[in-house]
Amino acid sequence: MYPEDSSVLVYCNTCWWSDKWDGTEYGRAYDPSKPFLEQLYELSRITPYMALENLYTSLVDTEYTNYAAYQKNCYLTYYSDYANNVLYAMFIAHVNDSMDCYRIRDSELCYEATGCYKSSRVFFSEECTDSHDIWFSKNLIGCSNCVGCVNLRNKSYCIFNEKYSKEEYHRIIEEMDLHTQRGIDAVSKKAKEFWLTKPRRAYEGNSLNVNVTGDYVYESKNAHDCYMATSVEDGKFVQFISLPKVKDAYDYSGWGNNVERIYECDIVGEGAYNVKFSSECWPDARDVEYSMYANACTNCFGCVNLKKKSYCILNKQYSKEDYERLREEIIKNMNEKPYRDEKGRVYPYGEYFPLNFSLFAYNETMAYAYFEKDRDVIKKEGFQWREQEVSTHTPTLKADQLPLTISETPDTITREIVACFSCARAYRIIPQELSLLRHLNLPAPQRCPECRHLRRFQSTNPPRLYERNCAKCGIPIKTSYAPERPEIVYCEQCYNAEVA
Ligand SMILES: [Zn+2]
Ligand SMILES: [Zn+2]
């Protein structure tokens, strides 16, 4: 994930995870004459980073994936765990044999599914739970064999919310030609128009929530201003939790999996306990502060790319007593002599890392997707900016020259370089993808993986809450649907009455 000209020292994942080094080789003594974070910054620029951020030892035949663990035969999955034969997917957990998905859990055989849970054979659909054989539908629970439906509960054989006999249903969907791109595009357009005629709930969540605010929050309790979070208890400003559970957390981004007492952290998960002001510490980080890529470490302060260690400061090993004494001294110095960045911003103990610690440019991170800013603004605020790389591949096929159906698509398609229908960038159809598409009887996609992801990403509301009024009863509501948007938005009570 680091470009060639990045100043970061990168190890391939085999080398990073080998037992030949543990990070103490880079250990250095604390110098009380300099701000602590300055010394930590220097350490962060000399230790080796893993090429891709994965629990590498848990991946099988999964070479091109990032922020992933426990995967087999996956390709271009990101922020994903417990997956088998999944391609081009993001923010997934416990998913099998699926492609082009976003925010799905405990599901299989899905294609172009966003926000689905405990479902199978869900295609081009959003926010469906306990459902199977669903096409172009939104907000269904307990449904099967539905096309173009919205807000249904425990229904089957429905088309645009109308009930049909089983035979009639199959006759109509046969005519829709859903195994061709033309058929898919036509029904997709009609479905999206139909969805807009029905109300939406102010926020997405499930009935297992208790005392929750935010959006895309599930099975949570006493969780406020949370976003894309599952199973958070007693938390605020918690986001991107793909695996349960999170307990007692504040200002925390990703990813859960049995963590407790987390403050000002990102990508700290899997058994973490009492971790503060840290990034990328997993698994089983305990009593860790100001650390990055401290792997299976406990009682560490200001460590970077360190493995299976305890009582370390700046990657240097101490006795328990010396560690505790020095930690106190450093905290005192951090408050008396805090680090100041180029913009004059001050970082005493209790603040997250300064912006210049980031190993990435702003526009190559998820921040840019959520909060797009001009290059000049980004630089002015002290972030880095990176110019987009220009693709050097010469396409051999235009997307609209792809065969109409997958049954007419030859094996040789995997040798073509296809030009995306939307952005003209080059992409490929890989053998594993061809085999899954044949199994699902779906045509090869005419858009590149990035354009496909962007469409799903845009169908998920951003992490912003607006004050609106329920379109039915008029009470004030907080919702991620901006006031000027065309959706009809109801408060939870009115929505539940409507769909019951
Ligand atoms: Zn594209
Ligand atoms: Zn209402």
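Trainee: Is Ala-471 buried, exposed or partly exposed?
Mentor: Ala-471 counts as partly exposed, because it has 17 C-beta neighbours inside 10 Å; a residue is buried if 20 or more other C-beta atoms lie within 10 Å of its own, exposed if 12 or fewer, and partly exposed in between, with C-beta atoms placed from the backbone. This is a predicted model, in which local features need pLDDT of at least 70 and side-chain atom pairs count only at pLDDT 80 or more, while totals for chains, interfaces and linings use all residues. Residues are numbered from 1 along each chain as its sequence is written, and chains are lettered from A and ligands numbered from 1 in the order in which they are written.
Trainee: Where does Ala-471 lie?
Mentor: Ala-471 is in the loop between strand 31 (466-469) and strand 32 (476-479), where strands (E, at least two residues) are DSSP runs numbered from the N terminus.
Trainee: And which residues is Ala-471 in contact with?
Mentor: Apart from neighbours within four places in sequence, Ala-471 is in contact with Pro-199, Ile-488, Val-489 and Tyr-490, contact being C-beta atoms, placed from the backbone, within 7 Å. The C-alpha atoms of Ala-471 and Cys-491 are separated by 7.9 Å, although these residues are 20 apart along the chain.
Trainee: New topic: what is the order of the open sheet of three strands?
Mentor: The order is 28-29-30, with mixed pairing, and two strands pair if DSSP finds at least two bridges between them. Strand 29 (residues 418-419) and strand 30 run antiparallel and are joined by two bridges, with Val-418 opposite Tyr-427 of strand 30.

Notes. Helix = DSSP H or I, 4+ residues; strand = E, 2+ residues; numbered from the N terminus. Contact = placed C-beta atoms within 7 Å.
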